[in-house]
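Dear colleague,

I am passing on the structure we spoke about, and below it I have set out what was found. Please look it over before reading on.

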2 protein chains.
Amino acid sequence: MNSSPVHDWTVAFLGLGLISGSLAGALKAAGWRGQILGWGPRAPSLEKGRALGLIDQFSLDLDEVLSDADMVVIGAPPIATAQLLPEVIGKAVYYGSPVVTDMASVKGFIVDSAKYDYPGFVPGHPIAGSEHSGVEAARADLFKGREVILTPLPHSDEKALVAVEKMWTSVGARIAHMSVADHDAALAASSHLPHMMAYALTAMLDDHELGPMAHGGGALRDMTRIAASDPVMWRDIALTNQEALLNAMDALADEHGRLRSLIEAGDGEAMEQFFLRCRQLRRDNDRILNPLTHTDEAQV
Amino acid sequence: MNSSPVHDWTVAFLGLGLISGSLAGALKAAGWRGQILGWGPRAPSLEKGRALGLIDQFSLDLDEVLSDADMVVIGAPPIATAQLLPEVIGKAVYYGSPVVTDMASVKGFIVDSAKYDYPGFVPGHPIAGSEHSGVEAARADLFKGREVILTPLPHSDEKALVAVEKMWTSVGARIAHMSVADHDAALAASSHLPHMMAYALTAMLDDHELGPMAHGGGALRDMTRIAASDPVMWRDIALTNQEALLNAMDALADEHGRLRSLIEAGDGEAMEQFFLRCRQLRRDNDRILNPLTHTDEAQV
């Protein structure tokens with residue numbers, strides 16, 4: 001690992017899509033002094049990333065990129081990340097032991113896939129994204145004011161942790177630490193479940209004889225926006241955070257059933273209390289959920 | 001009813017809140033030549049509306065306002081609308097038979113409340129709103145590109161219908177006609193259900209031991225935004241469109257259960273197909289759901 005200041009480090013992105021492309025562009029915009037490299041199995045997205053000025057160079061040769069990198073950021077859906085991670089950390093010791101981090105939306109499955117207790121590995125998850133995908137949808141402001149959850153492992157090196165934190169704070173993100181299990185349970189509720197709800201609502205509207213989506217306004221716009229998200233990404237998340245997601249879906253179904261009972265009973269007073277409590281909670285969290293202005297574009 | 005061009009008509013808003021204030025302001029912005037009046041049971045919101053330039057004058061005397069109006073627009077939650085409507089159309093024949101329309105999110109309950117088959121009554125519902133409430137949240141562009149559903153009745157006068165259509169198209173809205181029953185079923189699915197989903201999700205997160213709302217990103221921002229909506233309005237809607245809403249909630253619960261089964265079975269291929277179909281439907285409807293740009297503020 002290079003011992004110069006983190007901002008001089010060479011950062012290698014393995015996979016270049018919306019999230020990794022946004023981070024690469026955000027590092028550039030923040031004046032990152034080190035080289036930004038890209039690797040992937042195919043050239044097109046890497047070529048686009050270089051043309052957009054997000055990365056300086058790319059290679060299709062993983063060893064070449066690893067040998068140059070001080071920091072390796074895996075930017076891929078969960079299953080691809082889990083496939084790549086053991087290979088990367090298996091090779092890392094031969095290439096100067098770079099810091100390795102990932103950005104997958106599930107952490108238990110990724111950590112379990114690692115095979116080796118590599119001290120330089122710091123699992124991470126930026127709470128930012130979009131219903132759009134691909135490097136061409138990258139946005140340098142994607143992480144401004146957003147949380148990045150790191151789930152350092154017992155064997156994680158303190159210096160590696162600090163380096164990953166510096167990378168993220170340099171692009172305007174906030175750092176939180178959580179256990180792997182808490183991350184997967186909390187995110188199942190705050191992100192994975194809402195995606196499944198948007199999918200279920202969209203499918204229900206598709207089946208409805210009156211075609212109600214054609215009569216939607218801003219509520220439906222927002223409640224279905226993320227149903228346009230990357231199907232492979234969300235398949236992966238549902239497959240790899242299955243237990244926590246099922247728990248969250250069941251808790252939601254219980255709450256849906258409670259609200260249904262109030263409506264069926266015509267209990268206006270209880271409904272109003274229910275809705276008031278929700279309004280208060282939503283307002284209390286608006287700064288977290290809306291870190292930029294209202295003209296901010298859609299983010300996940 | 002005044003026979004001069006509709007744009008010269010005096011329009012009276014009964015109740016001045018987010019929606020009626022926005023329409024008043026939109027008429028002003030569109031160069032409406034007639035007077036814009038306000039009536040309500042209390043002065044404060046009317047005073048605010050006048051100070052904001054949304055209305056020209058107001059009165060707390062319903063008879064006074066009705067006697068001046070060519071068009072009466074009831075802007076109130078469903079139950080208040082249903083209470084006011086029979087009084088308004090009962091008096092209308094004594095005051096030159098103005099056109100009367102409403103903007104409530106349910107139509108069957110409103111139409112049933114009317115008592116008299118008044119030819120000048122045209123029930124309406126603009127598919128626009130916000131999680132904010134009150135006349136101070138009014139926005140003159142709220143209806144641009146949005147649909148306004150009219151549910152004319154067998155006894156509705158053609159001239160009254162045309163006048164209401166002209167008022168709405170003058171502020172940039174699109175007109176659709178539906179039957180009362182179809183409106184209530186379609187909107188239960190496209191608007192009332194999504195609100196109940198946002199409430200159920202928010203309540204579930206409130207009960208969760210890890211406080212997951214603090215770890216939310218753009219997905220959660222959008223999936224809970226409308227949980228900050230006016231509790232009285234949504235209590236009214238749930239009370240007055242009960243049957244259609246329960247049907248929509250049950251259809252959603254079925255779809256949620258289907259998706260849950262795929263996740264429990266770990267059927268990645270079926271999930272991917274499910275998500276792909278949703279992405280396509282959402283993209284196909286994006287122009288309807290996003291009539292303005294992506295920098296457009298939140299609308300319901």
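Which strands of chain B does helix H6 (residues 158–169) lie across? In this predicted model, H6 of chain B lies across strand E4 (71–74), strand E5 (99–102) and E6 of chain B, and runs at about 55 degrees to E5(B).

Those strands belong to an open sheet of six strands in chain B, ordered E3-E2-E1-E4-E5-E6, in which the pairing is parallel. Its edge strands are strand E3 (57–59) and strand E6 (121–122) of chain B, each of which pairs on one side only. Strand E2 (residues 36–39) of chain B is joined to E3(B) by three bridges in the parallel sense, and Gly38(B) stands opposite Phe58(B) in E3(B).

Turning to chain A, you will find 12 helices and nine strands. The radius of gyration of chain A is 21 Å, close to the 19 Å that the globule rule gives for 300 residues, so chain A is as compact as a globular protein of that length. Of the 300 residues of chain A, 56% count as buried, and among the contacts in chain A with a separation of 6 or more, 75% are accounted for by residues 24 or more positions apart.

As for the interface, 87 residues of chain A are in contact with 87 residues of chain B. On the side of chain A that touches chain B, the largest share, 20 residues, comes from H7(A), and by class that side has 50 nonpolar, 20 polar and 17 charged residues.

With best wishes

Key
Residues numbered from 1 in each chain as written. Chains lettered and ligands numbered in written order. Predicted model: local features only at pLDDT ≥ 70, side-chain atom pairs only at ≥ 80, totals over all residues. Contact = placed C-beta atoms within 7 Å. Helix = DSSP H or I, 4+ residues; strand = E, 2+ residues; numbered from the N terminus. Nonpolar A, V, L, I, M, F, W, Y, C, P; charged D, E, K, R; others polar. Rg over C-alpha atoms; globule rule 2.2 N^0.38 Å. Buried ≥ 20, exposed ≤ 12 C-beta atoms within 10 Å, placed from the backbone. Pairing = 2+ DSSP bridges. Axes fitted to C-alpha atoms, helices over the stretch in contact; angles between N-to-C directions.
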